[in-house]
Every structure is written in structure tokens, then in C-alpha cells.
Amino acid sequence: TARLWDSAGREVAVLRGQYHLSQRQVADLCGTLLDAPLAASSVAGLCRDTATALEGPVAAVRATLPVAPVVNADETRWPHPQAGRTLFASAEYAFK
């Protein structure tokens, strides 16, 4: 089971973040569909680990964008039960 969670952290983070499932809902889903019981408190840890793993790539993108000749940006409303959120995305295209 430990090996499963080593590779499943990102999926847990997607269920929690993108699909707005509660920690308990993610844990229940993992237990029901994957036959891999998971404590709700472990969901927070897996999300934290995923965020830590993404720090390097996010920093690299942030360093690249200010010097990019062209940056395309998009904003998308991200519904949230307590408050409206907006997801901002940007991309650089390299043409040669």
C-alpha cells in the first residue's frame, strides 16, 4: 500500500484541489474504488507533499515568464462553496 501512495499523491491532490472533494470524501473514494484505505488526515499530508514537489517547477516557470518575449494568459473562474476563486494560467511559446 505504501508504494501505491507514493505514486497516488498527485491524484489525491487533484481530487482535493481540482474536484473540490473534502479530505473525508477523498479518503472514502480511495477506500471504495481503490480498495486502499486512507485516513482523512493522510490526504492533507499527501497534498502537502505534492505542493512541496511542485515548488521547483513553479519557481522555474516564475523565473522564465518575466523574460519571455510572448506570454499567453488565461483566467478561469473556479467555483468554490465559500468564495469565488479564479485560476490564472500563463504559457510561453518558444518559436525558432
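I begin with H20, which counts as partly exposed because its relative accessibility is 32%; on this scale buried means under 20% relative accessible area, exposed over 50% and partly exposed in between, with a 1.4 Å probe and protein chains only. H20 sits in the loop between α1 (2-17) and α2, and its phi is near 55°, a positive value in a residue other than glycine.

A note on provenance. This is a predicted model, in which local features need pLDDT of at least 70 and side-chain atom pairs count only at pLDDT 80 or more, while totals for chains, interfaces and linings use all residues. Residues are numbered from 1 along each chain as its sequence is written, and side-chain values use heavy atoms, with hydrogens and water left out.

D35 also has a positive phi, of about 50°, although it is not a glycine. This residue lies in the loop between α2 and α3, and D35 counts as exposed because its relative accessibility is 67%.

Turning to the overall fold, the protein has 3 helices and 2 strands, arranged along the sequence as α-α-α-β-β. Helices (H or I, at least four residues) and strands (E, at least two) are DSSP runs, numbered from the N terminus. Of the 96 residues in the protein, 16% are buried.

Next, helix α3. Its 25 residues, 40-64, should span 36 Å at 1.5 Å a residue, and the end C-alpha atoms are 37 Å apart, which agrees; the expected span is 1.5 Å times one less than the number of residues. Helix α3 bends by about 40° at E55, and the proline P57 follows within four residues. That bend is the angle between axes fitted to the seven residues ending there and the seven starting there. Buried residues in α3 are V43, G45, L46 and T50.

How do α2 and α3 meet? Their axes come within 8 Å and cross at roughly 100°, the axes being lines fitted to C-alpha atoms over the stretch in contact, with angles from 0 to 180 degrees between N-to-C directions. The two helices are therefore roughly perpendicular to each other, a class that covers 65 to 115 degrees. Q23, R24, V26 and A27 of α2 make the contact with A40, S41, V43 and A44 of α3, where contact means heavy atoms within 4.5 Å.

Finally, the largest nonpolar core has 7 residues: V12, V26, A27, C30, L38, V43 and L46. Both α2 (23-33) and α3 supply at least two residues of this core, and the largest share, 3 residues, comes from α2. Such a core is a set of buried Ala, Val, Leu, Ile, Met, Phe, Trp, Tyr and Cys residues joined through side-chain atoms within 4.5 Å.

Notes:
Parallel < 35°, antiparallel > 145°, perpendicular 65-115°, else oblique.
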